[in-house]
Each structure stands twice: as C-alpha cells, then as structure tokens.
Amino acid sequence: MAEIEFHEFNSREELAKALAKTIAGKLIPDIEIGQFASLALSGGSTPKLFLNQLGPMLGEMSEMIYFALVDERFVPIHDPRSNEGMIKKELGLDNHPSSEFLSLYAKNSKPEEVAKRAEARLLDDDELPFDVLVLGMGVDGHTASFFPGATNLTKACDPNAEVLFQAITEPTSNEPRITMTLPVIASAKYLVLHIEGSEKREVFEKAMADGDADELPIRHVLRHHDAKLQVYWAP
C-alpha cells in the first residue's frame, strides 16, 4: 500500500489556496538556486481554481519550471477539451512563452509516436522524478487515463512498466489518449490526489477497500508500495 495522508478542507476555495501555496513551496527552493523545478498536472474542471491561485504565486518563476501533463486527450491545444490548453490558460502561461512544457499532442502523428517522443524528451531533459505531480479522479475511479476497461490499461498500470508514456483508448467514447504510466506517477517526490465533493469521497473510500484494481483504477496508485500520496479533499 502507498503511504497516504488525508487533508480535509471546509471549502474548495480553502483547498485551492492551501494546495497552491504548498506546491509553490515545493517548487520555489530549486528555482531560487537556479535549478529547474518539475511539475506534472492533470486536466478536468476540478483543478482550475487551484491553478488560478498557483499562477500568480509563481509569476515569472514559471519560466524555471518544467511543466508536463499527467495525461492528455489526443486533440490540438486550441481544442476546448485539451488539457494543455486549459492548464496554460488557468496558470497564465501564455504570458510566459519561454516556459518549458512537455506536450502530448502533435499534428499528423499517431498517439504511439508522440508517446515515444515525449519519453525520449523527458529522459533527455533529465527531470525525473517529478518534484510535484497532481492527480485527479473521476466518479468511475479513473485517474490519469487509467479508465476501467481501457485498451492498454494493464500496460499503463504495470508497476514495472519500462515506458514512461502509454497510448490508451478511453472505452466509452473510443477516444485516443496518452497517459503517464504508473511507475512515473508513483515516483513523484510530492504526489497529490485532488478530489472534491461527497461522491468522489465515497469513491475514494471504496477504492481503499479490497477489490479488483482495474474496476477502480485509482487503486493501482493507492496500492503502489513506493507511492507517498497526499489526498486533498473538500466538500
């Protein structure tokens, strides 16, 4: 099992401020001595509030942060469903075009090809393990792009996976995606699961109990013996 610490807040605004402050505190020390810090982020609507708080805290220092995506829908950045586009907008990275950002989309390429190129770049840039990595979770128990019934789910959730990124298909929409694999996620120095609402709290508590990990894939993270997970929750 992972080491798990649960942080409960009275409101989503309180959580957003606390999480942003904590993450900035993890990143800034490296930046202050002239080193790049690394931050991997997830998409969806839940992180928007905390990203709004984090952006101003980092300001110009964002140019010394190596940003990456935990996972991505295989769509162009200007597509409204793009995680990269949302994260850059909410963090205000459009004002810092020199910020390093590891994209998981390329036009006229296949997801498998982009996954391999992203792995090669990440290894060349020597940014592993990530200083901070933030996960979300859906009410179906998915995290990253570890969806119940997804193609390549077994490969992506292999605790001994040798690849850093895996092309994967979300089963309901048959949508192609790219996701970080379980070892990359579990190795993060400060690993966060950010969830909100009573329904997701119930899913998290269910995932902590016995059961097939593939049915609630967040269990793959919760059961990884190397993971040190900080759970941030608000009603």
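First, the ground rules. This is a predicted model, where local features need pLDDT of at least 70, side-chain atom pairs count only at pLDDT 80 or more, and totals for chains, interfaces and linings use all residues. Residues are numbered from 1 along each chain as its sequence is written, and side-chain values use heavy atoms, with hydrogens and water left out.

Let's start inside. In soluble globular proteins, nonpolar side chains tend to be buried together. Here the largest nonpolar core has 78 residues. By that I mean buried Ala, Val, Leu, Ile, Met, Phe, Trp, Tyr and Cys residues joined through side-chain atoms within 4.5 Å. Buried is under 20% relative accessible area, exposed is over 50%, and partly exposed is in between, with a 1.4 Å probe and protein chains only. F50, L133, F165 and I185 have the most contacts inside this core. Helix α1, residues 12-32, gives the most to it, with nine residues. Helices here are DSSP runs of H or I, at least four residues, and strands are runs of E, at least two, numbered from the N terminus.

Take L133. What does L133 touch, not counting residues up to four places away in sequence? The list is A40, V70, M180, V184, I185, A188, Y190, L191 and V192. Contact means heavy atoms within 4.5 Å.

Next, helix packing. Two packed helices are described by the angle between their axes and the distance between the axes. Axes are lines fitted to C-alpha atoms, for helices over the stretch in contact, and angles run from 0 to 180 degrees between N-to-C directions. α1 packs on helix α2, residues 48-58, at about 40°, with the axes 8 Å apart. That makes α1 oblique to α2. The cut-offs: under 35 degrees is roughly parallel, over 145 roughly antiparallel, 65 to 115 roughly perpendicular, and the rest oblique. From α1, the contact includes A16, L19, A20 and I23; from α2, it includes F50 and L54. By class, its residues are eleven nonpolar, one polar and four charged. Nonpolar covers Ala, Val, Leu, Ile, Met, Phe, Trp, Tyr, Cys and Pro; charged covers Asp, Glu, Lys and Arg; the others, Gly among them, are polar.

α2 also meets helix α3, residues 83-91. Their axes come within 7 Å and cross at roughly 45°. α2 and α3 are therefore oblique to each other. On the α2 side are K48, L51, N52, L54 and G55; on the α3 side, M86, I87, E90 and L91. That contact has five nonpolar, two polar and two charged residues.

Now the backbone. Most residues other than glycine have a negative phi, and most peptide bonds are trans. L128 and P129 are joined by a cis peptide bond, with omega about -5°. P129 sits in the loop between α4 (111-125) and β6 (132-135). N174 has a positive phi of about 60°, although it is not a glycine. Is N174 buried or exposed? At 60% relative accessibility, N174 counts as exposed.

E175 counts as buried, at 13% relative accessibility.

Last stop, H220, in helix α8, residues 218-222. H220 is buried too, at 16% relative accessibility. H220 and M1 are 219 residues apart in sequence, yet 9.4 Å apart in space, C-alpha to C-alpha.
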